[in-house]
Amino acid sequence: MWEAIFSSGNMLAMIAWAMLILLPRKPLVMSAIMYLGVGLLCLVYTAGIVSILAGWADPVGPADAKTSFSTIEGVRAIFSSQGGVTIGWIHYLAFDLFVGLWIAKDADAKEFSRWLQAPILLATFFVGPVGLFLWLIIREGRARKLGRMKN
């Protein structure tokens, strides 16, 4: 079961990222990425984490001192099973896609070319915080310039 969820989550994320990078950013496309991509990944994550912490779907068992997010041992216990690794990965996929969507919208609003956006979005897809960090650095000059133009 977890392998199928893992593979399906990966496929969904790859399709959404391909749409974000390659397709025109029409409202329908952007909504599909947000709700059928990010939203569905969030739903799968929610069902998975609740199932694992409640002890319904994996041997980790219910939340207690051994399975909590407040210690490294607790986090290790939660992610020590196939279910835990799968929902952890789905978490990354959902948040990285959401960040990529924000970067794309922000870049379009600031009139950055799609050619410049593509490598940043790919970096966000593969190594999320690296792509976000690059975008924050790259956008700063244009954001300041546009901010001054509005005043």
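Is alanine 47 buried or partly exposed? Alanine 47 is partly exposed, because its relative accessible area is 43%; partly exposed lies between buried, under 20% relative accessible area, and exposed, over 50% (1.4 Å probe, protein chains only).

This is a predicted model: local features need pLDDT of at least 70, side-chain atom pairs count only at pLDDT 80 or more, and totals for chains, interfaces and linings use all residues. Residues are numbered from 1 along each chain as its sequence is written, and side-chain values use heavy atoms, with hydrogens and water left out.

1. Alanine 47 and serine 51. Alanine 47 is found in helix α2. Helices here are DSSP runs (H or I, at least four residues), numbered from the N terminus. Serine 51 is also in helix α2. Serine 51 is buried, with a relative accessible area of 18%. Its side chain reaches the backbone oxygen of alanine 47 at 2.7 Å. Serine 51 also touches Trp56 and Ala57, leaving aside residues up to four places away in sequence. Contact means heavy atoms within 4.5 Å. Alanine 47 and isoleucine 87 are 40 residues apart in sequence, and their C-alpha atoms are 9.0 Å apart in space.

2. Aromatic pairs. The structure holds five of them. Rings of Phe, Tyr and Trp (its six-membered ring) pair if their centres lie within 6.5 Å; planes under 30 degrees apart count as stacked, over 60 as edge-to-face and the rest as tilted. Tryptophan 17 and phenylalanine 125 have ring centres 5.3 Å apart and planes at 40°, so this pair is tilted. The pair links distant parts of the chain: tryptophan 17 is in helix α1 (residues 2-22), phenylalanine 125 in helix α5 (residues 114-126), 108 residues apart. Tryptophan 17 is buried, at 3% relative accessibility.

3. A second pair. Tryptophan 89 and tyrosine 92 are also tilted, at 6.4 Å centre to centre and 55° between the planes. The two are three residues apart in helix α4 (residues 82-109), so about one helical turn separates them. Tryptophan 89 is partly exposed, at 36% relative accessibility. Phe6, Trp89 and Tyr92 form one aromatic cluster.

4. The core. The largest nonpolar core has 31 residues, of which Trp17, Leu20, Ile33, Leu41, Leu97 and Leu121 touch the most other members. Such a core is a set of buried Ala, Val, Leu, Ile, Met, Phe, Trp, Tyr and Cys residues joined through side-chain atoms within 4.5 Å. Helices α1, α2 (27-53), α4 and α5 each give two or more residues to this core. The largest share, ten residues, comes from α4.

5. Helix α5. Its 13 residues should span 18 Å at 1.5 Å a residue, and the end C-alpha atoms are 18 Å apart, which agrees. The expected span is 1.5 Å times one less than the number of residues. Buried residues of α5 are Gln117, Ile120, Leu121, Ala123, Thr124 and Phe125. Leucine 121 has contacts that include Trp17, Leu20 and Ile103, not counting residues up to four places away in sequence.

6. Two arginines. Arginine 139 is in helix α6 (residues 128-150). Arginine 139 is buried, at 17% relative accessibility. A polar contact of 2.5 Å joins its side chain to that of aspartate 106. A polar contact is a pair of N or O atoms within 3.5 Å; within protein, one must be able to donate a hydrogen and the other to accept it, and residues adjacent in sequence count only if both atoms are side-chain atoms. Arginine 142 lies over the face of phenylalanine 112, at 3.9 Å from the ring centre. For this, CZ of Arg (or NZ of Lys) must be within 6 Å of the ring centre and within 35 degrees of the ring normal.
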